[in-house]
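Work through the exercises below with the sequence and the model open. Try each task before reading its solution.

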Amino acid sequence: MNKDKIIIEIAHRTGMTHKNSIKVVNCFLEVVKESLLNEENVSLNGFGSFNIQSCGQRRLYYPKMKKEILIEPRKRIRFKPSPKMKIK
């Protein structure tokens, strides 16, 4: 399922117009995006949570140049599904 199918499904299930469904989905995604950019965790009860995870500095061997390179520390988004989301 992609964003367009989610918009169509929301419009169908709620009776909203297609334009209003687009606004709802885009607004929801924008709020989640802003929260994650502010390094806030986003938790959706019964669905899962999005967390910011820090990855430390690490070394990699680059065989073409035959030397080690250093990868800078960074942050990434991690999704952890709710136990209620497990496939049975």
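**Exercise 1.** How many residues has helix 1, and what distance does helix 1 reach from its first C-alpha to its last?

Solution. Begin with the ground rules. The model is predicted, with local features needing pLDDT of at least 70 and side-chain atom pairs counting only at pLDDT 80 or more, while totals for chains, interfaces and linings use all residues. Residues are numbered from 1 along each chain as its sequence is written, and side-chain values use heavy atoms, with hydrogens and water left out.

Step 1: helices (H or I, at least four residues) and strands (E, at least two) are DSSP runs, numbered from the N terminus. Helix 1 covers residues 3-14, which gives 12 residues.

Step 2: the expected span of a helix is 1.5 Å times one less than its number of residues. Helix 1 reaches 16 Å, close to the 16 Å expected.

Step 3: look at the two ends. At the N-terminal end, Asn2 caps helix 1, with a side-chain oxygen 3.3 Å from the backbone nitrogen of Asp4. After helix 1 comes Gly15, with a positive phi near 80°.

**Exercise 2.** Find the salt bridges in the whole structure and describe the residues in each pair.

Solution. Step 1: apply the criterion, a side-chain nitrogen of Lys or Arg within 4 Å of a carboxyl oxygen of Asp or Glu. The search finds three salt bridges.

Step 2: take the pair in helix 1. Arg13 and Glu9 meet at 2.8 Å, N to O. These residues are separated by about one helical turn, because they are four residues apart in helix 1. For accessibility, buried means under 20% relative accessible area, exposed over 50%, and partly exposed in between (1.4 Å probe, protein chains only). Arg13 has 68% and so is exposed, whereas Glu9 has 30% and so is partly exposed.

Step 3: take Lys75 and Glu39, whose closest N and O atoms are 2.8 Å apart. This pair links distant parts of the chain, 36 residues apart: Lys75 is in strand 5 and Glu39 in the loop between helix 2 and strand 1. Lys75 is partly exposed because its relative accessibility is 49%, and Glu39 is partly exposed, also at 49%.

Step 4: take Glu68 and Arg59, with closest N and O atoms 3.5 Å apart. Both Glu68 and Arg59 are exposed.

**Exercise 3.** Which strands does strand 2 pair with, and in what direction do the partners run?

Solution. Step 1: two strands pair if DSSP finds at least two bridges between them.

Step 2: strand 1 and strand 2 are antiparallel and joined by three bridges. Here Ser43 stands opposite Ser49 in strand 2.

Step 3: strand 2 also runs antiparallel to strand 5 (residues 74-81), with eight bridges. Ile52 stands opposite Ile77 in strand 5.

**Exercise 4.** Where is Gly46, and which residues does Gly46 touch beyond four places away in sequence?

Solution. Step 1: Gly46 lies in the loop between strand 1 (42-44) and strand 2 (48-55). The hairpin of these strands has three residues between them, and Gly46 takes a positive phi near 85°.

Step 2: contact means heavy atoms within 4.5 Å. Gly46 touches Ser82, Lys84 and Met85.

Step 3: Gly46 is partly exposed because its relative accessibility is 27%.

**Exercise 5.** Is Ser35 buried or exposed?

Solution. Ser35, in helix 2 (residues 18-37), has a relative accessible area of 15% and is therefore buried. Leaving aside neighbours within four places in sequence, Ser35 is in contact with Glu40 and Val42.

How values were computed
A polar contact is a pair of N or O atoms within 3.5 Å; within protein, one must be able to donate a hydrogen and the other to accept it, and residues adjacent in sequence count only if both atoms are side-chain atoms.
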